[in-house]
Amino acid sequence: MHRAVLVLTLLVGLLAGSAVGLPTPAQPGTTAPVDAADPALAPGRPLFGNPDALAALWVAAHPQDPRRAAVADLAAQPVARWFTESGPGTRGEVAGFVDAAAAAGATPVLVAYAVPGRDCGQFSAGGAPDAATYRAWIAAVAAGIGPRKVVVVLEPDSLVHLDCLTAAAALERQDLLADATATLAALAPQAQVYLDGSPANGAVTPEELADRLLASGLADARGLALGVSAHTPTETALAFGRATAEVVAGRTGQQLGLVVDTSRNGTGTTQWCNAADQRVGEHPTTDPDLGDDVDALLWIKPPGESDGDCGTGSGTVAGEFDPDLAAALAG
(Lines give C-alpha, C1' and ligand atoms only; values in the text may rest on other atoms or scores of the structure.)
Protein backbone atom coordinates (compact mmCIF):
# COMPACT_ATOMS: atom_id res chain seq x y z
CA MET A 1 0.00 0.00 0.00
CA HIS A 2 1.36 3.43 -0.88
CA ARG A 3 2.35 5.36 2.26
CA ALA A 4 0.15 8.39 1.54
CA VAL A 5 -2.86 6.15 0.99
CA LEU A 6 -2.08 4.20 4.15
CA VAL A 7 -1.87 7.32 6.31
CA LEU A 8 -5.12 8.70 4.83
CA THR A 9 -6.84 5.38 5.52
CA LEU A 10 -5.64 5.40 9.12
CA LEU A 11 -6.80 8.95 9.71
CA VAL A 12 -10.22 8.18 8.25
CA GLY A 13 -10.41 5.20 10.62
CA LEU A 14 -9.38 7.44 13.51
CA LEU A 15 -12.33 9.76 12.88
CA ALA A 16 -14.81 7.02 12.17
CA GLY A 17 -13.89 4.52 14.88
CA SER A 18 -12.74 1.72 12.58
CA ALA A 19 -13.02 -2.04 12.98
CA VAL A 20 -9.32 -2.44 13.84
CA GLY A 21 -9.82 -0.50 17.05
CA LEU A 22 -8.12 2.82 16.34
CA PRO A 23 -8.47 5.50 19.04
CA THR A 24 -10.88 8.39 18.96
CA PRO A 25 -9.92 11.92 20.08
CA ALA A 26 -12.10 11.63 23.21
CA GLN A 27 -10.20 8.68 24.65
CA PRO A 28 -7.68 9.23 27.50
CA GLY A 29 -4.03 9.47 26.59
CA THR A 30 -4.51 10.39 22.94
CA THR A 31 -4.29 14.18 22.94
CA ALA A 32 -0.77 15.05 24.13
CA PRO A 33 1.12 17.31 21.70
CA VAL A 34 4.17 16.06 19.82
CA ASP A 35 7.34 17.26 21.55
CA ALA A 36 10.24 16.77 19.14
CA ALA A 37 12.59 18.71 21.42
CA ASP A 38 12.11 16.15 24.22
CA PRO A 39 12.33 12.70 22.62
CA ALA A 40 11.59 9.39 24.26
CA LEU A 41 15.30 8.65 24.63
CA ALA A 42 16.45 12.09 25.74
CA PRO A 43 19.74 11.84 27.67
CA GLY A 44 19.08 11.11 31.31
CA ARG A 45 15.41 10.16 30.86
CA PRO A 46 14.55 7.14 33.02
CA LEU A 47 13.57 3.88 31.38
CA PHE A 48 10.47 2.01 32.51
CA GLY A 49 10.81 -1.52 33.82
CA ASN A 50 8.20 -4.06 32.81
CA PRO A 51 6.37 -4.95 36.06
CA ASP A 52 5.17 -8.18 34.43
CA ALA A 53 8.68 -9.33 33.46
CA LEU A 54 9.10 -13.01 34.27
CA ALA A 55 12.22 -12.38 36.35
CA ALA A 56 10.35 -9.93 38.59
CA LEU A 57 7.43 -12.32 38.98
CA TRP A 58 9.79 -15.18 39.85
CA VAL A 59 11.58 -13.10 42.49
CA ALA A 60 8.27 -12.20 44.14
CA ALA A 61 7.17 -15.84 44.19
CA HIS A 62 10.43 -17.33 45.56
CA PRO A 63 11.49 -15.36 48.66
CA GLN A 64 13.57 -18.23 50.08
CA ASP A 65 15.28 -19.47 46.93
CA PRO A 66 19.09 -19.22 47.11
CA ARG A 67 19.14 -17.85 43.53
CA ARG A 68 16.80 -15.00 44.46
CA ALA A 69 19.47 -12.36 45.20
CA ALA A 70 21.18 -12.81 41.83
CA VAL A 71 17.89 -12.82 39.92
CA ALA A 72 16.65 -9.79 41.89
CA ASP A 73 19.65 -7.80 40.68
CA LEU A 74 18.56 -8.47 37.09
CA ALA A 75 14.89 -7.84 37.83
CA ALA A 76 15.74 -4.39 39.21
CA GLN A 77 16.83 -3.21 35.75
CA PRO A 78 14.34 -1.89 33.15
CA VAL A 79 13.65 -4.42 30.40
CA ALA A 80 11.58 -4.34 27.24
CA ARG A 81 8.12 -5.84 27.00
CA TRP A 82 7.52 -8.04 23.99
CA PHE A 83 4.17 -8.09 22.19
CA THR A 84 4.02 -11.26 20.15
CA GLU A 85 0.41 -12.35 19.66
CA SER A 86 -2.03 -10.86 17.17
CA GLY A 87 -5.09 -11.15 19.40
CA PRO A 88 -8.02 -8.78 20.08
CA GLY A 89 -6.61 -7.56 23.39
CA THR A 90 -3.46 -6.03 21.93
CA ARG A 91 -4.54 -2.41 21.99
CA GLY A 92 -5.61 -2.53 25.64
CA GLU A 93 -2.46 -4.36 26.73
CA VAL A 94 -0.22 -1.85 24.99
CA ALA A 95 -2.19 1.11 26.36
CA GLY A 96 -2.02 -0.26 29.91
CA PHE A 97 1.74 -0.70 29.73
CA VAL A 98 2.32 2.72 28.19
CA ASP A 99 -0.05 4.39 30.67
CA ALA A 100 1.87 2.89 33.59
CA ALA A 101 5.15 4.19 32.17
CA ALA A 102 3.68 7.66 31.61
CA ALA A 103 2.45 7.75 35.21
CA ALA A 104 5.98 6.89 36.35
CA GLY A 105 7.52 9.58 34.14
CA ALA A 106 9.64 6.98 32.35
CA THR A 107 10.09 5.73 28.78
CA PRO A 108 8.82 2.22 28.02
CA VAL A 109 10.47 -0.06 25.47
CA LEU A 110 8.10 -2.21 23.41
CA VAL A 111 9.13 -4.98 21.03
CA ALA A 112 6.67 -5.67 18.22
CA TYR A 113 7.33 -9.28 17.21
CA ALA A 114 4.51 -10.86 15.23
CA VAL A 115 5.47 -10.59 11.57
CA PRO A 116 4.32 -13.59 9.47
CA GLY A 117 7.01 -16.24 9.17
CA ARG A 118 8.78 -15.00 12.29
CA ASP A 119 12.23 -16.47 13.01
CA CYS A 120 12.06 -18.61 9.85
CA GLY A 121 10.25 -21.33 11.78
CA GLN A 122 13.05 -21.78 14.33
CA PHE A 123 12.85 -21.60 18.14
CA SER A 124 10.67 -18.44 18.12
CA ALA A 125 8.48 -19.47 15.21
CA GLY A 126 5.02 -17.97 14.92
CA GLY A 127 3.66 -14.54 14.18
CA ALA A 128 0.48 -13.33 12.52
CA PRO A 129 -1.03 -15.86 10.11
CA ASP A 130 -1.20 -13.44 7.18
CA ALA A 131 -0.45 -9.90 6.03
CA ALA A 132 -3.95 -8.54 6.69
CA THR A 133 -3.90 -9.76 10.28
CA TYR A 134 -0.48 -8.23 10.81
CA ARG A 135 -1.56 -4.84 9.46
CA ALA A 136 -4.55 -4.81 11.80
CA TRP A 137 -2.35 -5.89 14.71
CA ILE A 138 0.30 -3.20 14.20
CA ALA A 139 -2.49 -0.61 13.92
CA ALA A 140 -3.75 -1.80 17.31
CA VAL A 141 -0.24 -1.50 18.75
CA ALA A 142 0.06 2.05 17.42
CA ALA A 143 -3.42 2.93 18.69
CA GLY A 144 -2.50 1.68 22.16
CA ILE A 145 0.58 3.88 22.18
CA GLY A 146 -1.16 7.03 20.92
CA PRO A 147 0.93 10.19 21.37
CA ARG A 148 2.90 9.01 24.41
CA LYS A 149 6.72 8.82 24.39
CA VAL A 150 7.83 5.24 23.77
CA VAL A 151 10.52 3.20 22.08
CA VAL A 152 9.42 0.54 19.59
CA VAL A 153 11.87 -2.14 18.49
CA LEU A 154 10.19 -3.34 15.34
CA GLU A 155 10.48 -7.02 14.44
CA PRO A 156 13.93 -8.25 15.49
CA ASP A 157 15.49 -10.64 12.94
CA SER A 158 12.95 -9.63 10.30
CA LEU A 159 15.54 -8.27 7.88
CA VAL A 160 18.57 -10.39 8.63
CA HIS A 161 16.43 -13.48 8.01
CA LEU A 162 15.02 -12.41 4.65
CA ASP A 163 17.11 -15.05 2.88
CA CYS A 164 15.03 -17.88 4.35
CA LEU A 165 11.93 -16.56 2.57
CA THR A 166 10.83 -16.89 -1.03
CA ALA A 167 11.31 -13.78 -3.14
CA ALA A 168 7.60 -12.99 -2.93
CA ALA A 169 7.51 -13.46 0.84
CA ALA A 170 10.59 -11.26 1.27
CA LEU A 171 8.95 -8.47 -0.70
CA GLU A 172 5.76 -8.86 1.35
CA ARG A 173 7.73 -8.64 4.60
CA GLN A 174 9.45 -5.42 3.53
CA ASP A 175 6.09 -3.99 2.51
CA LEU A 176 4.62 -4.94 5.90
CA LEU A 177 7.50 -3.24 7.72
CA ALA A 178 7.06 -0.11 5.59
CA ASP A 179 3.35 -0.12 6.41
CA ALA A 180 4.17 -0.62 10.10
CA THR A 181 6.56 2.34 10.30
CA ALA A 182 4.06 4.55 8.46
CA THR A 183 1.25 3.42 10.79
CA LEU A 184 3.34 4.17 13.86
CA ALA A 185 4.34 7.57 12.45
CA ALA A 186 0.68 8.44 11.88
CA LEU A 187 -0.87 7.14 15.11
CA ALA A 188 2.07 7.17 17.54
CA PRO A 189 4.03 10.25 16.44
CA GLN A 190 6.27 10.38 19.53
CA ALA A 191 7.37 6.76 19.23
CA GLN A 192 11.03 6.28 18.39
CA VAL A 193 11.03 3.27 16.08
CA TYR A 194 14.13 1.13 15.54
CA LEU A 195 14.24 -1.40 12.73
CA ASP A 196 16.17 -4.66 12.73
CA GLY A 197 19.93 -4.02 12.77
CA SER A 198 20.56 -7.77 12.90
CA PRO A 199 22.79 -9.46 15.44
CA ALA A 200 25.46 -7.15 13.97
CA ASN A 201 27.91 -10.03 13.70
CA GLY A 202 28.41 -10.38 9.96
CA ALA A 203 25.22 -12.22 9.02
CA VAL A 204 24.64 -9.53 6.40
CA THR A 205 26.86 -6.72 5.13
CA PRO A 206 26.12 -3.06 5.85
CA GLU A 207 25.31 -2.56 2.17
CA GLU A 208 22.87 -5.49 2.15
CA LEU A 209 21.17 -4.30 5.30
CA ALA A 210 20.92 -0.74 3.97
CA ASP A 211 19.13 -2.06 0.87
CA ARG A 212 16.65 -3.94 3.05
CA LEU A 213 16.12 -1.05 5.45
CA LEU A 214 15.41 1.46 2.69
CA ALA A 215 12.78 -0.90 1.28
CA SER A 216 11.21 -1.35 4.72
CA GLY A 217 10.13 2.12 5.80
CA LEU A 218 13.40 3.41 7.25
CA ALA A 219 12.42 6.99 6.38
CA ASP A 220 9.68 6.77 9.05
CA ALA A 221 11.99 5.25 11.67
CA ARG A 222 14.58 6.66 14.05
CA GLY A 223 17.26 4.07 13.37
CA LEU A 224 18.58 0.59 14.14
CA ALA A 225 18.32 -1.83 17.04
CA LEU A 226 21.61 -3.74 17.16
CA GLY A 227 22.50 -7.08 18.69
CA VAL A 228 18.97 -7.92 19.81
CA SER A 229 18.93 -11.22 21.72
CA ALA A 230 22.56 -11.74 20.70
CA HIS A 231 25.93 -11.77 22.42
CA THR A 232 27.61 -9.22 20.16
CA PRO A 233 29.96 -6.90 22.07
CA THR A 234 28.77 -3.30 22.15
CA GLU A 235 31.79 -2.03 20.23
CA THR A 236 31.27 -4.60 17.46
CA ALA A 237 27.56 -3.82 17.22
CA LEU A 238 28.21 -0.08 17.00
CA ALA A 239 30.88 -0.53 14.33
CA PHE A 240 28.38 -2.47 12.21
CA GLY A 241 25.57 0.00 12.90
CA ARG A 242 27.74 2.97 12.02
CA ALA A 243 28.89 1.33 8.79
CA THR A 244 25.26 0.73 7.84
CA ALA A 245 24.30 4.28 8.85
CA GLU A 246 27.10 5.66 6.67
CA VAL A 247 25.71 3.80 3.67
CA VAL A 248 22.20 5.09 4.36
CA ALA A 249 23.41 8.67 4.86
CA GLY A 250 25.33 8.52 1.61
CA ARG A 251 22.22 7.44 -0.26
CA THR A 252 19.49 9.50 1.42
CA GLY A 253 21.06 11.94 3.87
CA GLN A 254 19.11 10.41 6.76
CA GLN A 255 21.06 10.28 10.02
CA LEU A 256 20.27 7.15 12.02
CA GLY A 257 20.14 6.71 15.77
CA LEU A 258 21.45 3.48 17.27
CA VAL A 259 20.43 1.39 20.27
CA VAL A 260 22.28 -1.72 21.43
CA ASP A 261 20.88 -4.69 23.35
CA THR A 262 23.36 -5.23 26.20
CA SER A 263 21.24 -7.74 28.10
CA ARG A 264 23.73 -10.59 27.63
CA ASN A 265 26.79 -9.33 25.77
CA GLY A 266 29.09 -9.08 28.77
CA THR A 267 31.51 -11.78 27.63
CA GLY A 268 31.16 -11.85 23.83
CA THR A 269 30.69 -15.60 23.71
CA THR A 270 30.14 -16.94 20.20
CA GLN A 271 27.54 -19.51 21.29
CA TRP A 272 24.07 -18.02 20.93
CA CYS A 273 21.54 -20.42 22.41
CA ASN A 274 21.43 -20.31 26.23
CA ALA A 275 25.22 -20.21 26.44
CA ALA A 276 26.52 -21.07 29.91
CA ASP A 277 29.26 -18.44 29.75
CA GLN A 278 27.02 -15.50 28.79
CA ARG A 279 26.82 -12.59 31.21
CA VAL A 280 24.80 -9.41 31.21
CA GLY A 281 26.50 -6.37 29.75
CA GLU A 282 26.20 -2.71 30.66
CA HIS A 283 23.03 -1.65 32.42
CA PRO A 284 20.31 0.09 30.42
CA THR A 285 20.82 3.84 30.07
CA THR A 286 19.64 6.76 27.95
CA ASP A 287 22.96 8.50 28.54
CA PRO A 288 25.54 6.01 27.25
CA ASP A 289 28.27 8.56 26.41
CA LEU A 290 29.27 6.63 23.29
CA GLY A 291 28.64 9.34 20.71
CA ASP A 292 25.73 11.47 19.57
CA ASP A 293 24.49 8.68 17.30
CA VAL A 294 23.98 6.22 20.19
CA ASP A 295 20.56 6.87 21.69
CA ALA A 296 20.62 4.22 24.42
CA LEU A 297 21.85 0.92 25.73
CA LEU A 298 18.81 -1.28 26.39
CA TRP A 299 17.97 -4.68 27.81
CA ILE A 300 15.73 -5.76 24.96
CA LYS A 301 15.98 -9.52 25.52
CA PRO A 302 14.87 -9.99 29.16
CA PRO A 303 17.72 -11.81 30.93
CA GLY A 304 16.83 -15.32 32.04
CA GLU A 305 14.23 -15.98 29.37
CA SER A 306 15.23 -19.06 27.41
CA ASP A 307 16.09 -19.16 23.72
CA GLY A 308 14.33 -22.51 23.41
CA ASP A 309 15.47 -26.09 23.76
CA CYS A 310 18.61 -25.32 21.71
CA GLY A 311 18.36 -28.64 19.91
CA THR A 312 18.52 -30.64 23.15
CA GLY A 313 15.02 -32.07 22.90
CA SER A 314 14.24 -30.81 26.41
CA GLY A 315 10.97 -29.27 25.32
CA THR A 316 11.95 -25.87 26.75
CA VAL A 317 9.96 -23.13 25.02
CA ALA A 318 11.53 -19.89 23.83
CA GLY A 319 10.64 -17.14 26.29
CA GLU A 320 10.25 -19.51 29.25
CA PHE A 321 11.96 -18.20 32.39
CA ASP A 322 14.91 -20.22 33.69
CA PRO A 323 16.19 -19.11 37.13
CA ASP A 324 19.46 -21.02 36.70
CA LEU A 325 20.10 -19.22 33.42
CA ALA A 326 19.22 -15.88 35.02
CA ALA A 327 21.51 -16.46 38.00
CA ALA A 328 24.35 -17.42 35.67
CA LEU A 329 23.85 -14.27 33.59
CA ALA A 330 24.11 -12.19 36.75
CA GLY A 331 27.53 -13.70 37.31
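Residues are numbered from 1 along each chain as its sequence is written, and side-chain values use heavy atoms, with hydrogens and water left out. Because the model is predicted, local features need pLDDT of at least 70 and side-chain atom pairs count only at pLDDT 80 or more, whereas totals for chains, interfaces and linings use all residues.

**Whole chain**

- The protein chain holds 9 helices and 7 strands, where helices (H or I, at least four residues) and strands (E, at least two) are DSSP runs numbered from the N terminus.
- Of its 331 residues, 50% count as buried, a term that means under 20% relative accessible area, with exposed meaning over 50% and partly exposed lying in between (1.4 Å probe, protein chains only).
- Among contacts (heavy atoms within 4.5 Å) in the protein chain between residues at least 6 apart in sequence, 73% join residues at least 24 apart.

**Helix H2**

- In helix H2 (residues 54-61), the buried residues are Ala55, Trp58 and Val59.
- Seen down the axis of H2, these residues fall within an arc of 100°, so they line one face of the helix; the arc is that of the directions from the helix axis to the C-beta atoms.
- Ala60 and Ala61, on the other side of H2, are exposed, while the buried residues of H2 pack against helix H3 (68-75) and helix H9 (323-330).

**Helix H4**

- Helix H4 (residues 90-104) has 15 residues and reaches 22 Å from its first C-alpha to its last, close to the 21 Å expected at 1.5 Å a residue, the expected span being 1.5 Å times one less than the number of residues.
- Thr90, Val94, Ala95, Phe97, Val98 and Ala101 are the residues of H4 given as buried, and they cover an arc of only 165° around the axis, which puts them on the same side of H4.
- The cover over the buried residues of H4 includes strand E1 (81-83), strand E2 (109-112), helix H5 (131-145) and strand E3 (150-154).

**Helix pairs**

- H5 and helix H6 (residues 167-187) pack at an angle of about 25° with their axes 9 Å apart, which makes H5 roughly parallel to H6.
- For these values, axes are lines fitted to C-alpha atoms, for helices over the stretch in contact, and angles run from 0 to 180 degrees between N-to-C directions; angles under 35 degrees count as roughly parallel, over 145 as roughly antiparallel, 65 to 115 as roughly perpendicular and the rest as oblique.
- The H5 residues that meet H6 include Tyr134, Ile138 and Ala142, and the H6 residues include Leu176, Ala180 and Leu184.
- The axes of helix H7 (residues 206-214) and helix H8 (residues 234-252) come within 9 Å and cross at roughly 55°, and H7 and H8 are therefore oblique to each other.
- Among the residues in the H7 and H8 contact are Leu209, Leu213 and Leu214 in H7, together with Phe240, Val247 and Val248 in H8.

**Asn265**

- Asn265 is found in the loop between strand E6 (257-261) and strand E7 (294-298), and it counts as buried at 7% relative accessibility.
- The C-alpha atoms of Asn265 and Gly281 are separated by 5.0 Å, although these residues are 16 residues apart along the chain.
- Not counting residues up to four places away in sequence, Asn265 touches His231, Thr232, Pro233, Thr234, Arg279, Val280, Gly281 and Glu282.
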